Amino acid sequence: MNFIFKVAGVSGFLAQGAGILLCSEMKIEQQHWNFFDPIAMGDVSDRIGRPTDNGQVIPFDNKGQLKEAFNIRLEELQVLDIKFLYGCSRPTIVVLYQVLSYVLASLVVENSRFFLQDNKDARHVKTYEVSLKDKDFVEGPWSQNNLDNGADLLIPVPPPLCGVIIVGEETIVYCSATAFKAIPIRPSITRAYGRVDADGSRYLLGDHAGLLHLLVITHEKEKVTGLKIELLGETSIASTISYLDNAFVYIGSSYGDSQLSLVAEARRLNLGRMEVNMNVDLLIRLNLQPDAKGSYVEVLERYVNLGPIVDFCVVDLERQGQGQVVTCSGAYKDGSLRIVRNGIGINEQASVELQGIKGMWSLKSSSDDVYDTFLVVSFISETRILAMNLEDELEETEIEGFDSQVQTLFCHDAVYNQLVQVGPLRCYFFFHLLDGVPITSSSVRLVSSVTRELRNEWKAPSGYSVNVATANASQACFVFVLLATGGGHLVYLEIGDGILTEVKHVQLEYEISCLDINPIGENPKYSQLAAVGMWTDISVRIYSLPDLNLIIKENLGGEIIPRSVLLCSFEGISYLLCALGDGHLLNFILSMSTGELTDRKKVSLGTQPITLRTFTSKNATHVFAASDRPTVIYSSNKKLLYSNVNLKEVSHMCPFNTAAFPDRSFASSVNSLAIAKEGELTIGTIDDIQKLHIRSIPLGEHARRISHQEQTRTFAICSLKYNQASTEETEMHFVRLLDDQTFEIISTYALDTYECGCSILSCSFSDDNNVYYCVGTAYVLPEENEPTKGRILVFAVEDGKLQLIAEKETKGAVYSLNAFNGKLLAAINQKIQLYKWMLRDDGTHELQSECGHHGHILALYVQTRGDFIVVGDLMKSISLLIYKHEEGAIEERARDYNANWMSAVEILDDDIYLGAENNFNLFTVRKNSEGTTDEERARLEVVGEYHLGEFVNRFRHGSLVMRMPDSDIGQIPTVIFGTVNGVIGVIASLPHDQYIFLEKLQSNLRKVIKGVGGLSHEHWRSFYNEKKTVDARNFLDGDLIESFLDLSRGRMEEISRTMGVSVEELSKRVEELTRLH
């Protein structure tokens, strides 16, 4: 018989057998490792007794079937840890507990409840045997009193040693019925442990400072003789430690990135080889010998963790119209800022400084080659040929048949192992006796890719120059080159084996600005159409090949000429893309049979001219739009989508597959790209489409609040730094100013002793053109249960430095600051206070109190809209206040009378307000403006309830995606939230008709998609707290709805029939939702 023992608030699960236990609320299920099939599940929720009164025993048999759970009363009220012991004839638990003589106070700090305790009380352990017959505890074989005052962790030791390790702040004790061994340690709080050996003789311990220790139990056979401990090195602050094998360790961290590490073997302790991973998550390795700093730990890999997100702001740092989230993440020494951006990332593999690049093309040395050999880079008066050498470095080389003394307009691989270069000939200037016009000429050069010698050359007529050129990208039997020459001449050449044949030559009425003959349609190896962009009449035209007959002309309108055209095919649909000189992109659906252009759409991708090039990613064609806002265009469910690239400005791009990066390119079906940007040529691989990209700015301290100021291009943060002085740890609080491009700290303002930053805001005031940072603080004194003093500090950024302009003392903690009609609104303890910005006689400014409003327990969260003020209270849910200008007063208009402990609030629109509370629920309330009585109008009606399962710390309006003006989804307002676990989520306000449709879809998906272990989705999303449990309403689970796209075709059709909507239409509407995030 196996058991699970559970005490509320204590991690005391232990089960024997090859399975995994999952707990959802109070539901328990056991699952197989290999197939993750549920064996058994049950509901063990119990309303009888208080959490500290009893423990719950859940027996299950050898087949994994859960038996009836029962409660057993515990005498110990303050249980710190509980574990099952190994090697006992009857089920035996060991309990670590503390008997408190008194509790000083209950305090809420940073949304968590803490109890100030008398730490002088000693801690004890006691063992109990579980009697199944009597369903009660029987006194166990041993107990131990008066342990380390800081003892809070039990580590059960497996056979043959058995017993338990008790970890305290200053000592570590091994205890069993026959032995008691103790060693002193450096003062620390152990957060996590991981067993190294199966016999339990070695353990890895991670403490609150991120130090990793090895604890060794020395023994002679089964007799324990002592304990030894060794410092191995520093990692992220560990929440979990898993020793993998061969000195590799995984460190999971709730405060930073997890790690995979390698830890060195220390011979005197006989460590063996290990590897560690932390969350951060880290994969680390334990090395045989220490490094120069004495550390045995080598971090091999990090796994990003955004949690806990204490605060964040949504900004557009590149001013590209796409939001980025900058979070205050992590805690203690692992604190950092994280810049989270949606879109596509380029992973740089090689780079070289090159100024003035005008074009780039990749070439192969043979038509049968898998990899590209050459990279042709064109400049204003020359052409350079680059190639990868044996050391995987870019170096300059030569193709003798190319003319390197001119600017190359276009080049391409050709059939018969040939290369094509198009460009002007050298200009021999002479002046005609009559008009003095300089004469130039241009040519097309056909070069052998094997011998690199010139085989043929076509020259433009005397007095004409080639200014635009293209070729199809096929390596089929024929490759065609189309040229636009000066004077509006359009020339079509055909390439043979050492032959260039002029097939057709027509003259147009206007100059040609761009053209393309990329092969699309049924025959991917033959180009049937040519797309031509025109000057003067601002049009795009489709011509047939090889006769160059005009099929259709499409006037683009406006005064901006087309700068790049591209024929392409996505998911079997042919398109014409036309990029304009002002950063706009037009796309048309192209009929291959008639050449007709339909379904015209226009989007803005930037402000500068765009150049379009195709590339391949995961065996699918994509289009790279190079401009000041580089974008990748792709198709999903037969709809064109656009994703920003994590680069500021790209002038040119071309695919460049080299043997130097085979693993990153062909193994994952992702081609390498050559990118020209800001005087630099970069070669890199492209990330998954629409993946979140996260940049970390380590601070080494805890960032608690953040604000951005666009006018000064800076961020300001309130931060907390822990300093270890001898055995005591001190706190120092700062206001720091960071550059919003480099994220370097450029100025610091140190707060007073015991003063901490609670809120920060960038704002301006009436009758003052300057912009300021306002910081709200609190003096957290050890002898006070609640802060009674604080300050509001007003800073200006002058020459990149924080200058204190004014300060205002307050009678409490300034939990929130808001700009309000040219004034400053502050939440100070129980009061909402409004300040105005007054000019003194000496020319300086000061904050002067205007009015206030009492009636809250603690006003922690405040949002404003017009004259309305929404307050999130510690215990009293949401209240709505209004500022009356005539009376100069703030009055309460309405409130929610439910007792919700709030963690965040936001205003969705004039009447709907969003709240998050401490039971991981979301809810919305509505202002009842249409109420017929004062009582009705004074009550905020709860209209939406939903269990999120995450503790929300902050809501912010904004979006992480680029909104397309042609999309209805782009007009839906969204709110971003951040949670303690590092989750970034989106809440969208849907139109009623769309909500009804998606609610029906969600209901049908619940019948098809089952939760892990059979857990009910409907039950999980029900609003739950200590007072009530109700079904979710007026909220939809976007993750569940979007999982429709992952279903098999058969499941999709099943839901389609129920909905009465085609699979294609359902997919299209769900795909639209994915564009919200």
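Close-up 1. Tyr416 is partly exposed, at 44% relative accessibility. Here buried means under 20% relative accessible area, exposed over 50%, and partly exposed in between (1.4 Å probe, protein chains only). Tyr416 sits in the loop between β35 and β36. Its phi is positive, about 60°, although Tyr416 is not a glycine. Asn417 belongs to the loop between β35 (410–414) and β36 (418–424). Strands (E, at least two residues) and helices (H or I, at least four) are DSSP runs, numbered from the N terminus. Asn417 is partly exposed, with 26% relative accessible area. The C-alpha atoms of Asn417 and Asp368 are separated by 8.4 Å, and the two residues are 49 residues apart along the chain.

The model is predicted: local features need pLDDT of at least 70, side-chain atom pairs count only at pLDDT 80 or more, and totals for chains, interfaces and linings use all residues. Residues are numbered from 1 along each chain as its sequence is written, and side-chain values use heavy atoms, with hydrogens and water left out.

**Close-up 2. Asn829 in the loop between β68 and β69**. Phi of Asn829 is near 50°, a positive value in a residue other than glycine. Asn829 is buried, at 4% relative accessibility.

Close-up 3. Pro308 lies in the loop between β26 (297–303) and β27 (311–315). Pro546 lies in the loop between β45 (539–544) and β46 (550–555).

**Close-up 4. Salt bridges of Asp372, Asp752 and Glu941.** A salt bridge is a side-chain nitrogen of Lys or Arg within 4 Å of a carboxyl oxygen of Asp or Glu. The structure holds 36 of them. Asp372 pairs with Lys364, the closest N and O atoms being 3.1 Å apart. Asp372 is buried at 11%, whereas Lys364 is partly exposed at 22%. Asp752 meets Arg791 at 3.6 Å, N to O. This pair links distant parts of the chain, 39 residues apart: Asp752 is in the loop between β62 (745–750) and β63 (755–764), and Arg791 is in strand β65 (residues 790–798). Asp752 is partly exposed at 36%; Arg791 is buried at 6%. Glu941 meets Arg926 at 2.9 Å, N to O. Glu941 lies in strand β78 (residues 941–947) and Arg926 in strand β77 (residues 921–926), so the pair ties together parts 15 residues apart in sequence. Glu941 is partly exposed at 36%, and Arg926 is partly exposed at 34%. Elsewhere, salt bridges that share partners join Glu509, Asp537, Arg541 and Lys553 into one network.

**Close-up 5. Cys88 and Cys654, without disulfides.** A disulfide is a pair of cysteine sulfur atoms within 2.5 Å. The count by this rule is 0. The sulfur of Cys88 is 7.0 Å from the closest cysteine sulfur, in Cys162, too far for a bond. Cys88 is partly exposed at 32% relative accessibility. Cys654 is in no disulfide either; its nearest cysteine sulfur, that of Cys411, is 8.6 Å away. Cys654 is buried, at 0% relative accessibility.
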